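Okay, thanks for coming, everyone. Let me put the structure up, and then I'll walk you through a few spots.

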Amino acid sequence: MSHPQTSHAAHDPYEILFQPVPIGPVVAPNRFYQVPHCNGMGHRLPASLAAMRGMKAEGGWGVVCTEEVEIHHSTDLYPYAEGRLWDDRDIPPLRLMVEAVHHHGSLAGIELTHSGHHAPNLYAKVPPLSLRSMGTAHYMPVQTRRMDKSDIRALRRWHRDAALRAKEAGFDIIYCYAAHDLPLAMHFMLKRYNDRTDEYGGTLENRIRLFRELIEETKDAVGDSCAVAVRLAVDELMGEDGLTHQGEGHDIVAMLAELPDLWDVNISGWSNDSATSRFDKEGYQESYISFVKSLTSKPVVGVGRYTSPDSMVSAIRRGVMDLVGAARPSIADPFLPNKVKEGRLEDIRECIGCNICVSGDILASPIRCTQNPAMGEEWRRSWHSEYIAVKKSDAEIMVVGAGPAGMECARALGQRGYSVVLVEEKSELGGRVARESLLPGLSEWRRVIDWRQGQLAKLKNVSVYPGSPMDSDAILESGVKNIIVATGAHYRRDGVGRSRHHSLPGHELAHVFTPDDLMAGRLPTGSVLIFDDDHYYIGGVMAELLVDHGCQVTLATPAPLVSQWATATLEQERIQRKLMGKGVALIMQQELASIEVGYATLAHAVSGEQTRRTFDAVLLITDRLPNDALYQMLRPAVEQQLLASLRVIGDAEAPGIIAQAVFSGHLAAREMDEPIVAGTPFRMEYVEI
Ligand code: ADP
Ligand code: SF4
């Protein structure tokens, strides 16, 4: 195995990050704390999950936690894949994770939860429970059963039993969870839900009674050897209707201050806690959580997408937190702590804050990460996030195109020790990321380029040639026999996309644009119709760009929601709010029927009813077409044995998200000189029948 160059001695300015921190009866070996985070694997893929968590412990995270773990079958979150501790049979899969974490000397934490009206119980088929009869989340046409006193007693028993099972599985830190507006214990706290007139409703003291009981009973059950942590949302960013850090969020911490062994505090809901870089920058939670340390002597964990060790040290020194919590920075770089320890700051693969990782949970599919293509592949493909198999031949390889796919491919091939030439027609590397990171709110996405450029510069066996457009003759004349084509994609101009399969009448008119035009600096003026048949971020950022340019913007989409797919990255509402705030007119469920000079005709996606509107220009955001002409030109050369190997990757193979391009480049590098396996190219977790 080859690995990146290490290492210096411990770096003084960061020494504080490596101090042990006692948490109740256990001691965290350092201040790097992977807070609970979902991953789309959960109880369904326990071996994958254990290897993923183990990777973080290996990389130096002193505490590594689970995702939310269901304590009972009446909190069945199906189809989401969360952790499960319904009964004793769920202990062995979780023990796998504990062992993987302990193996590297880190502490393992578990977040126990009952999700009340957030658990529709689709698999368990028992009525969901809540503090009152109410509709379940996600517009599910199911209501909960109001819990009576015996239900509350049962819930407390389930939580205690789950804590005992967690202890048996070997966990060191056991959470009582009240954040993200997800757990029942939090629902009881909230005035907007709690209308009870018994001792669990009314005053704040009554509303936190259940949570207090859960903490006390967890301590009683396992507190001799396990730390009992609390995860609390101290502010929900909804004013007096919810918890606020000056109001009840503050008061709850004051009332329970010394009860838990650790306070893990954040803001709610999940879209606020896991805000993307498009909307919030590193450390964005500090102003809400910084009061907590003044009310308790117990260690405090906070999050805020910290990727810079300087910001981490600063947050500790300023008394904001004792342990630096992270979900996404630990996903993008499981080895972040070790890199700080070894003084290899430039090697940190910084999270770009895109929330593609979150989409795994939302879409009930295993986690992936834009920056870290090994995320989720630790077990099934045996991929390590830092090390990679050394080269198997002396093959020289040319990678054509330095977008995210080409850069990652050249970097990983170089790390394997191959002699690599990376050629790029533009004077600057980065492809679509270089262009898109200049769009409103997306500047942090440049980290995809910056990290790879830094790593490439260290690899003496990789030569990078910007400003080098290649055609098939030039490639064949170069004498390099292994070619990887990563030439990207471009937006279609003919209107063909998800909602239209034939070219759009009027698409050839001069006032019709694509995102490529705008990113090349050719912007329309006046009133502009954006037709967004892409449904992710690009429609929204194009709208912002045009508003900032002085245009009057209307955004039409065939979907029921603006930027519909951004629900998976928790951004949809924020995007819509931002566009509304900027005066963008939004029209949903509209397809584009035709364009004429000065007009566009829209058709309702369901009824087909047409409306004709005046516009000075139209921006078509539809399908993209792979730039695969070069690949097609080179294919005969393989048959003629002029080339030894040829592969197309990234958007040139199939246009997709940046994460997919990075993964595709990484996969091609891993598979160089490897035999093509018949059948599924990764291990699968089968249940024995
Ligand atoms: P991906 O997302 O798959 O990496 P991008 O579109 O981001 O795709 O990047 C493709 C890169 O390939 C762009 O930077 C583009 O300039 C470059 N490119 C395209 N065709 C050629 C070519 N014939 N020779 C060299 N570079 C090319
Ligand atoms: Fe960060 Fe994006 Fe990776 Fe998530 S997917 S860890 S937000 S880079």
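**Salt bridges, helices and a ligand shell**

Let's start with D450, which at 38% relative accessibility is partly exposed; that label covers the range between buried, under 20% relative accessible area, and exposed, over 50%, with a 1.4 Å probe and protein chains only. Before I go on, the ground rules: this is a predicted model, where local features need pLDDT of at least 70, side-chain atom pairs count only at pLDDT 80 or more, and totals for chains, interfaces and linings use all residues. Residues are numbered from 1 along each chain as its sequence is written, chains are lettered from A and ligands numbered from 1 in the order in which they are written, and side-chain values use heavy atoms, with hydrogens and water left out.

So who does D450 pair with? Its partner is R446, and the closest N and O atoms of that salt bridge are 3.2 Å apart. By salt bridge I mean a side-chain nitrogen of Lys or Arg within 4 Å of a carboxyl oxygen of Asp or Glu. Elsewhere, salt bridges that share partners tie K281, R305, E350, E444 and R447 into one network.

R446 also forms a salt bridge with E428, with 3.5 Å between the closest N and O atoms. That pair links distant parts of the chain, 18 residues apart: R446 is in the loop between α15 (431-436) and α16 (447-458), while E428 is in the loop between β15 (419-423) and α15. For the element names, helices are DSSP runs of H or I with at least four residues, strands are runs of E with at least two, and numbering goes from the N terminus. R446 is partly exposed at 25% relative accessible area, and E428 is partly exposed too, at 41%.

Now look inside helix α15. E436 and R432 both sit there, four residues apart, about one turn of the helix. Their side chains meet in a salt bridge at 3.1 Å, N to O. Are these two buried or exposed? E436 is buried, with 3% relative accessible area, and R432 is buried at 9%. As a reminder, an α-helix has 3.6 residues a turn, so residues three or four places apart point the same way. By our rule, the salt bridge count comes to 55.

Back to R305, which I mentioned in the network. R305 is not a glycine, yet its phi is positive, about 50°. You'll find R305 in the loop between β12 (300-302) and α10 (309-317), and at 5% relative accessibility it is buried. L570 is another residue other than glycine with a positive phi, near 65°. L570 is in the loop between β21 and α20 and is buried, with a relative accessible area of 15%.

While we're on backbone geometry, there are cis peptide bonds to look at. One runs from Y78 to P79, with omega near 10°, and P79 is in the loop between β4 (63-70) and β5 (83-84). Another joins S268 and G269, with omega about -10°; G269 lies in the loop between β11 (262-267) and α8 (270-273).

Next, helix α14, residues 404-416. How many of its 13 residues are buried? The count is 13 of the 13, so α14 is largely enclosed by the rest of the structure. From first C-alpha to last it reaches 18 Å, close to the 18 Å expected at 1.5 Å a residue, where the expected span is 1.5 Å times one less than the number of residues.

Last stop, ligand 2. Which residues come nearest? Of the 13 around ligand 2, those are C351, C354, N355, C357 and C369, where "around" means a heavy atom within 4 Å of the ligand. The elements giving two or more residues to that shell are α11 (328-332) and α13 (356-362), and α11 has the largest share, with three residues. That's my tour, so over to you.
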